[in-house]
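Subject: Structure handover

Hi,

Here is the structure I promised to pass on. My notes follow below it.

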Amino acid sequence: MSSSSIVCHEIIREEFGDLTSMVALQLMKRRFSSLDELERATLLTRQQVRKALVVLIQHQLCLFTEPVQNLATDDPPYYLIDETKVLLRLRMARFMEVAQELFGDEGRKVAQAVYTFGCLSVDEMHKQTLDILACFNMIEEGFLTRVWPDHSRWGLENVGDASVRKNDTYKITPMVVPGTPSTATAAAEQQIDAAASNRPPDVFSKELATSVMLYALNYKKFNLHLRNKMMMDFVTDELNDSSGDIIAALFEHAKKHMADPTENDTLPASLAQLAVLVPEDLARRSDLVLESATSESGFEQKGGLYATLRRYLVLLRSAGIVNMVDRAAGAQTYAVNVLHVRNRMRQRMLEEMVAGRFGAGTARLLRILLARDILPDKELHRIALLPLTETRTRLWELAKAGYIDTELLGGHDDRAPVYLSTDERVWHLDTEHAYAQLLVDVYTTIMRLQMRRQHERDACTNLLAKQDRDDVRENQDLLDDKDKANLDALDAKEERIDVAIERLDSMILLLRDICQPALH
């Protein structure tokens with residue numbers, strides 16, 4: 001299995017137990033399997049396999065196929081693990097922070113409940129003593145999305161004429177969404193209408209008692225919010241705070257029109273629209289040195305807000321971060337060049353990783369190849385101001401790691417090592433291949449961190465078992481000072497591992513979740 005599959009298996013084992021992880025492991029090994037194949041491979045009973053599949057489907061981690069009517073109805077359904085959804089569970093802590101930032105503590109509780117149960121109806125959220133108004137705010141903003149039976153169906157099955165699939169039956173529909181799609185749609189529309197009206201929760205909660213539509217976390221919306229925040233921080237770090245505020249204003253203007261984090265641009269905004277969204281003190285800041293003008297009263301003026309915005313937009317356009325869009329009629333508008341910012345962020349991440357792993361000299365060679373794409377080693381030696389032997393050694397380190405490719409020009413001298421050979425080579429950097437290799441290295445590092453965490457827990461098995469006893473839970477004084485010190489040391493190690501995994505997950509967000517699907 002790949003390192004990403006091993007990471008997925010460990011995530012499922014920690015959250016759903018050994019039985020569910022055994023079924024998921026076989027699905028990842030075989031790519032897709034039927035119920036009978038899973039029963040034979042896992043040596044579990046059919047009832048246990050069914051329960052594990054119900055858990056995975058309930059949390060949108062497993063897809064299934066189903067025979068269409070009037071076709072080969074004897075074929076059994078097949079199941080497939082969605083590894084992308086599983087890996088997103090590494091990011092749940094950040095998702096909870098986003099929910100609390102946007103919707104307060106009640107929004108965090110709603111997101112936590114939906115994450116725990118996989119999907120919930122509004123009525124079930126009400127039974128969980130959650131704030132119904134916060135639920136509807138999250139639904140209206142798109143952070144909670146409706147769950148249909150088709151969301152768990154495997155895409156390869158969607159073949160044939162639409163009229164053939166019009167009356168499809170869903171064998172697993174009762175486990176996901178009870179009721180017909182038409183009834184669920186009408187109920188959902190009533191819920192949204194009730195949320196739109198500013199009535200208190202106790203007024204319209206009775207109308208939702210018969211709700212059958214289930215809602216789950218909209219991972220794309222959460223990733224979109226995290227992407228915008230990452231890009232604002234990047235622009236602030238590259239230029240200044242005011243430029244980051246302007247990018248935040250552009251994202252705020254386009255937030256209702258952004259649905260996919262892989263989009264390459266945003267909705268254009270005019271100067272008048274930006275002037276409403278930027279901070280009021282933007283014109284009084286000293287991030288830019290502006291030409292001053294003396295007014296009639298003798299005071300120096302640096303221009304109004306519109307003039308300041310134009311100068312900042314010129315700076316952002318020169319850096320390629322903002323594009324100017326000319327409308328057929330009306331004023332000029334500006335949009336964020338998401339593609340350029342994303343590529344710059346990935347490039348800087350790759351350079352920092354290479355500098356930390358191979359040294360500053362190797363990062364300098366990589367930076368040259370990023371700018372020139374393909375160069376011979378002697379040309380790289382001349383531009384990087386490094387000795388030729390050291391240049392070749394460092395290039396071979398990058399080639400062994402899978403980040404660059406090489407091609408020999410002329411014959412090869414077998415008497416000398418490759419990095420000491422006098423033969424001239426051409427070195428080529430494929431950026432998308434390098435980013436894909438970096439993503440594989442990130443998965444491998446997370447896998448090793450999970451193994452280290454498990455090793456630390458295995459070393460304290462007896463102590464953890466003692467801590468889980470009922471009498472120890474009631475009376476912590478039964479643990480002596482040595483036991484408490486060992487538990488504190490274990491907690492500190494696990495905390496450091498969790499922080500490292502969270503940082504690596506930020507790299508996964510940039511390399512996989514906000515990029516075009518071709519990179520995957």
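Helix α3 spans residues 35-42, and its buried residues are L35, L38 and T42. Viewed down the axis of α3, these buried residues fall within an arc of 60°, so they line one face of the helix. The general rule behind this: an α-helix has 3.6 residues a turn, so residues three or four places apart point the same way. Keep in mind that this is a predicted model.

What covers that face? Just after α3 comes L43, which has a positive phi of about 60°.

Next, T391. This residue sits in helix α19, residues 388-401. Is T391 buried or exposed? T391 is buried, with a relative accessible area of 0%. Leaving out residues up to four places away in sequence, T391 touches L365, D377, L380, H381 and L386.

Last, the cysteines. How many disulfides does a search of the whole structure find? The count is zero. For reference, a disulfide is a covalent bond between the sulfur atoms of two cysteines. Two cysteines to look at are C119 and C135. C119 has 3% relative accessibility and counts as buried. C135 is at 0% and counts as buried too.

Best wishes

Definitions and conventions:
Residues are numbered from 1 along each chain as its sequence is written. This is a predicted model: local features need pLDDT of at least 70, side-chain atom pairs count only at pLDDT 80 or more; totals for chains, interfaces and linings use all residues. Side-chain values use heavy atoms; hydrogens and water are left out. Buried means under 20% relative accessible area, exposed over 50%, partly exposed in between (1.4 Å probe, protein chains only). Helices (H or I, at least four residues) and strands (E, at least two) are DSSP runs, numbered from the N terminus. The arc is that of the directions from the helix axis to the C-beta atoms. Contact means heavy atoms within 4.5 Å. A disulfide is a pair of cysteine sulfur atoms within 2.5 Å.
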